[in-house]
Amino acid sequence: MELGVCKLLVTALLILSSRTARSEEDRDTLWDAWGSWSECSRTCGGGASYSLRRCLSSRTCEGQNIKYRTCSNVDCPPDAGDFRAQQCSAHADVRYQGQFHDWLPVNNDPENPCSLKCKAKGSGVVVELAPKVLDGTRCYTESFDMCISGICQIVGCDHELGSTAKEDNCGICNGDGSSCRLVRGHYKSQHTSGKTEDTVVIIPYQSRHVRLVLKGPDHLYVEGKTLLGDKTELMLDQSGQYYLENTTLDFQKLSDKEILRMAGPLGADFTIKIQFTSGADSVIQYIYYQPIIHRWRETDFFPCSVTCGGGYQLTSAECYDLRTGRVVVDQYCHYYPENVKPKPKLQECNMEPCLDSDGYKEIMPYDLYHPLPRWESSPWTACSTSCGGGIQSRSVTCVEEDMQGNITPTEEWKCLYSPKTAILQPCNTFSCPTWVAQEWSPCTVTCGQGLRYRVVLCIDHRGIHAGGCNPTTKPHIKEECLVAVPCYKSIDTLPIEAKPVWQKQAIELEEEVTVTEEPTFIPGPWQACSRTCGAGTQRRMVKCQVLLSFSQTVADLPDDACEGEKPILVQPCYRKPCSQGLGHGDQNREEEELPQGGDLLDWEYEGFTECSESCGGGVQEAVIICLNKQTREAADQSLCVSSRRPPPFLQDCNTHLCPPRWETGEWSSCSATCGVGLMTRTITCTHQPYPNSNYSAVLKDEMCQKPKPGPFQACNRFDCPPTWDTHDWGQNLSIIVSAVLPDLW
């Protein structure tokens, strides 16, 4: 009896404590408190544990009565094997269709990743051996998501259920990708070398996301090398999964290519090799993420430079291997561009005064009056090339100066508190001069065979005709030409020369030439006014013309070939006021009688003159005319009362600053009197903000509007007249006349 009462009391106390815990956790629900966590479903590799609670109401409680968490999130030993593969192997002693089978796992099932599907080794039969895998089994081989109670649950790289944390390409959870580097490359086999095999690439230990694609008849195989130097070869004969040095290799062998993937991290250094076969060469493309296994770290301060009296000490940086923790040579850290070597730090030390018994500072006496070691450089050497980009060098050494001012070389580490100056620099990076050939001239004859010429210039990087070009590569300046018109002359007659161009040019030089080598509108003279009195009109011809450079003749072009606005063709004109008689104009119509009287004629402003300057501030004056108020036509100024003429009116105009503009120098004299010569001039981009200001600056060519005026032009483009060419005296007098066309420079 007493025992029964005790049991009831214990039960009541348990219920009371449970309700107390529940009420403290959540008073608004009908759930009891959560129970303790179950044992983990796995001992390593990430498993699942659960906790239960019960509903204290006769009605249905809202929510779940079970919750899960991950556990045993430590890596399994290398020989533990795959968890899903272990579950498949457990069915090896169970008959299927009357036979025993060795079962292999079927991974990454897109339809139901949490069912236990296995493939019979040998026959390849795929069977679902269980509707769900054990809790903690990975849903997919390259994911942290795990199966719990037959459902794939999202798991982050931080091993938390429902977490969205992801590994970066380096395998760091929530990392920024800075601890590894992407490596890409390609390889092409060469069967002509006589080799039977070759190394494609060596992929370092701990690399990830490796992918190689071979296109061609050759074959891939892999060699693994551990940190201890042990080597193992793996031949890839057929498609499937392979295992080497705790690394899974997925291999596909197709008819025309082979594909190798390794998610990593690699358990050793993998050397990818190729085995040659007969046939065409193969091409391999590869990509992987390589861990940065060598990094800089700062050292402690070196010993002080003096034992007393004030000195200095420096830190340095050393390169060490992250895998072994050993210090290695600096070249390993320089291999990674991402690695930045820390700058040395400098601090004072042993600042206490030296004792009299010491007599002197024992090592290097550096104090406030003694300069620190410094870099000293020699003068730059001459540039290795005169143009096209060269290199010049100099020596840079660390030196120190003693109390007497003597300078001696010392160890480099003493100067590492400041950057070492450059020992190489580029020079003469401008382009080398090149030959530039202009267009060919017309043929020198109008029929048959003749000659044609062109100007060839040596242009430097400034666009100026200068020397320095290779004479052996100079294009030829003269060649024969053939006009497809027969010459009706005897065979011994010289080719018919074209018109004597120099005679025509001599005549044209006497006239004012306004046509240029650029298409330009050329206005003709104004015709007479259409009326002999009163207001009329006058007309003129405006043509788009161009000066043909070689023949120096003017050609008419369509109006759209000229840039800019076409000048006006018609303008008003006024000769004199009309009398009571008739005015005689082109239209021969009667003029109206001008009314007399001062009230009909008066002065008025009518527009302004053109601005005196195009920029920088100019002046324009108002135009004053004598106007007939009735006809609104201009009258002769003598008909208006001079005393009533309004005063002159001026106003500012074009006050904006002048833009940079090209300033051209005077043309030089022609280099040849005939047969095509050359004139040169200087072209500079200048900026004068105001027309009359003393300030003028020379700017870069990019600041001025394009196009830049030409720095050279051909001149005297006409054939030289025939000259007498005398030969040496012989027994018989022979004087030969020939037409000499001298070379152009």
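Is Q705 buried or exposed? Good morning, colleagues; I shall answer that in a moment, after a word on the model.

What we have here is a predicted model, in which local features need pLDDT of at least 70 and side-chain atom pairs count only at pLDDT 80 or more, while totals for chains, interfaces and linings use all residues. Residues are numbered from 1 along each chain as its sequence is written, and side-chain values use heavy atoms, with hydrogens and water left out.

To return to the opening question, Q705 is exposed, because its relative accessible area is 66%; exposed means over 50%, buried under 20%, and partly exposed in between, with a 1.4 Å probe and protein chains only. Q705 sits in the loop that joins β45 (697–699) to β46 (712–715). Its C-alpha atom is 8.1 Å from that of W662, although 43 residues separate the two along the chain.

Let me turn to the chain overall. Four helices and 48 strands make up its secondary-structure count; these are DSSP runs, helices being H or I of at least four residues and strands E of at least two, numbered from the N terminus. Of its 745 residues, 30% count as buried.

The largest nonpolar core has 27 residues, of which L212, L249, L260 and I272 touch the most other members. Such a core is a set of buried Ala, Val, Leu, Ile, Met, Phe, Trp, Tyr and Cys residues joined through side-chain atoms within 4.5 Å. Another core, of 11 residues, lies apart from it and includes C114, C118, C139 and C147.
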